[in-house]
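Let us take a friendly walk through a protein, one stop at a time. Keep the sequence and the 3D view side by side as you read.

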Amino acid sequence: MQHGKRPLRSVDGIDVAASVLARLAPRALRPAIDQLRLDARSIADGFRGVREPTFSSHARPGFVPTPLAEIDPVLELLPTRALKRSYSTLRRDVEMIGRDFRGDRVPPTITRPRRTMTATTTPSLAPRRVKVTKLIRETRDAITIRLEALDGAPLTFEAGQFLTLHVPIDGAVVRRAYSLSSAPADGFAAVTCKRIEGGRVSTHLHERLREGDVLEVLGPSGTFVPSARMRRLVLIAGGSGITPCWSIARAVLARDPDAHVTLIYGNRSEADVIFGREIDALASERFRVVHVLADPSDAHRGPRGMLDRATFERIASELDIDDAEHFVCGPAPMMDAVREVLLARGVPRTRIHEERFQSPAERRASPIASPQLVTVRRRGRDVAITVPPDRTVLEAATERGVALPFSCAIGGCAACKCKVVEGEIRMDEPHCLSDAERAEGWVLTCVGHPTRPTTIEVPT
Ligand code: FES
């Protein structure tokens with residue numbers, strides 16, 4: 001299996017000059033001009049200390065020259081990104097009008113991307129019943145589960161969101177969050193689940209789930225969603241962290257012809273690459289793919305080793321991606337390494353988007369014996385709710401019509417984080433709060449039970 005087309009080399013002055021010359025010269029001279037350009041670039045790259053572009057090494061992704069025909073000198077000479085975007089849009093519109101006049105029946109206008117992202121889904125604590133319509137084996141330890149809502153309404157979502165599955169195992173319902181791997185335009189909802197060694201839910205889904213089975217799901221929810229104004233994205237995924245990234249990549253590339261996406265995807269070997277064939281088939285000038293493999297075959301031409309700090313630093317330098325929006329999803333050590341590198345390279349925190357899931361809490365016997373009063377404080381206003389022993393603070397608040405922030409509802413995302421002002425909230429374990437956050441008084445309402453009258457403050 002081939003993993004990823006090699007990325008295109010950036011265009012420089014030699015390429016632009018050759019492009020102008022090729023447009024002015026007779027068609028027969030263009031191959032010679034192109035060859036001259038490639039030779040000149042090789043010499044110039046050599047003087048600048050850039051790796052010889054016709055070679056690639058295992059340690060660094062190989063680059064191929066941008067085809068001469070794809071270089072637009074006007075675009076390259078425009079000084080700002082905004083001007084380039086406007087010019088691209090104008091050029092595309094003119095081309096479309098031209099095609100329309102030629103009778104190609106292409107609409108002369110295009111749909112502009114929305115300026116702001118508005119969530120199309122509202123998280124609800126009421127689960128929906130869904131049917132498993134298809135099971136697809138992606139790799140030896142990953143399956144995709146296609147789902148269809150039984151209430152007849154489509155399961156709509158945004159790329160990057162997740163569903164919380166309620167999985168009945170041995171008479172109990174266990175909840176796990178899985179990112180949607182399908183794209184909104186696919187017309188169906190699908191999650192992809194990697195089997196975890198000793199993982200109760202993933203083992204059950206892999207061994208026992210059948211097409212036609214009915215599950216309950218919560219969501220979709222989550223904010224790991226690119227806004228419509230984001231046109232230059234870098235997706236950094238490790239293992240099953242590809243699932244939201246794959247959805248995002250396809251959604252962004254489909255909705256905006258000016259969007260450019262780079263995927264940096266770490267795995268152990270070729271056999272572990274989820275969606276490998278589809279990813280490679282989509283690779284293009286607008287979708288650069290770098291596969292990082294720890295234990296690849298001899299045929300692998302991309303970076304080798306773990307997607308760790310050193311490897312990512314090398315790739316980030318090579319690809320010139322610092323001004324993009326970065327979406328990171330994968331094992332915690334990989335995410336920590338990527339974050340460190342990006343921050344060290346001066347990428348603002350606001351352009352680093354992370355999807356972290358901890359092992360979710362499992363519902364155990366409630367730590368409280370009797371109903372307790374919880375006062376919810378938001379922007380100086382207090383609302384009191386009673387939390388029964390068999391309810392979490394979030395559930396009791398929602399049932400009372402008191403809106404609290406939340407997302408996964410299983411202690412895995414921290415979207416429901418509130419601060420205890422007075423009293424005590426005990427949480428089902430494990431959950432995603434750090435010791436430092438606990439020490440500061442933060443609690444998760446979705447897994448929290450008050451042990452006595454308590455006041456919590458909702459961050460604004
Ligand atoms: S909603 Fe995700 S941790 Fe509470």
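Strands are DSSP runs of E that hold at least two residues, and they are numbered from the N terminus. With that in hand, look for strand β6, which covers residues 214-221 and contains Pro220. Please keep in mind that you are looking at a predicted model.

The peptide bond that joins Gly219 to Pro220 is cis, with an omega of about 10 degrees. To see what makes this worth a stop, recall that most peptide bonds are trans, and that most residues other than glycine have a negative phi.

Phe275 is not a glycine, yet its phi is positive, at about 65 degrees. You can find Phe275 in the loop that runs between β8 (260-267) and α7 (276-282). Is Phe275 buried or exposed? Its relative accessibility is 6%, so Phe275 counts as buried. Asp320 is another residue other than glycine with a positive phi, here near 55 degrees. Asp320 also sits in a loop, between α8 (309-319) and β10 (325-329). With a relative accessible area of 54%, Asp320 is exposed, whereas Phe275 is buried.

Now step back and view the whole chain. How many helices and strands does the protein have? There are 11 helices and 18 strands. Of the 460 residues in the protein, 47% are buried. The protein exposes about 22,600 Å², and carbon and sulfur atoms supply 53% of that area. Consider, too, the contacts in the protein with a separation of 6 or more: residues 24 or more positions apart account for 68% of them.

Gly411 shows what a link across the sequence looks like. Gly411 lies in the loop between α10 (393-399) and β14 (417-422), and it is buried, with a relative accessible area of 1%. Leaving aside residues up to four places away in sequence, Gly411 touches His431, Cys432, Leu444, Cys446 and Val447. Gly411 and Arg176 are 235 residues apart in sequence, while their C-alpha atoms are 10.0 Å apart in space.

Ala384 is partly exposed, with a relative accessible area of 38%. Again leaving aside residues up to four places away in sequence, Ala384 touches Leu373, Val374, Thr375 and Arg400. Between Ala384 and Thr454 there are 70 residues of separation in sequence and 9.7 Å in space, C-alpha to C-alpha.

Two packed helices are described by the angle between their axes and the distance between the axes. Helix α1 (residues 13-24) and helix α2 (residues 30-48) have axes that come within 10 Å and cross at roughly 170 degrees. Angles over 145 degrees count as roughly antiparallel, so α1 and α2 are roughly antiparallel to each other. On the α1 side, the contact is made by Ile14, Asp15, Ala18, Leu21, Ala22 and Arg23. On the α2 side, Arg30, Ile33, Arg37, Ala40, Arg41 and Ala44 take part. The residues of this contact divide into 7 nonpolar, 5 charged and no polar.

Our last stop concerns cysteines. A disulfide is a covalent bond between the sulfur atoms of two cysteines. How many disulfides does the structure hold? The count is 0.

How values were computed
Residues numbered from 1 in each chain as written. Predicted model: local features only at pLDDT ≥ 70, side-chain atom pairs only at ≥ 80, totals over all residues. Heavy atoms only, no water. Helix = DSSP H or I, 4+ residues; strand = E, 2+ residues; numbered from the N terminus. Buried < 20%, exposed > 50% of the residue type's maximum accessible area, 1.4 Å probe, protein only. Contact = heavy atoms within 4.5 Å. Areas by Shrake-Rupley, 256 points an atom, 1.4 Å probe, with all protein chains shown as cover. Disulfide = S-S within 2.5 Å. Axes fitted to C-alpha atoms, helices over the stretch in contact; angles between N-to-C directions. Parallel < 35°, antiparallel > 145°, perpendicular 65-115°, else oblique. Nonpolar A, V, L, I, M, F, W, Y, C, P; charged D, E, K, R; others polar.
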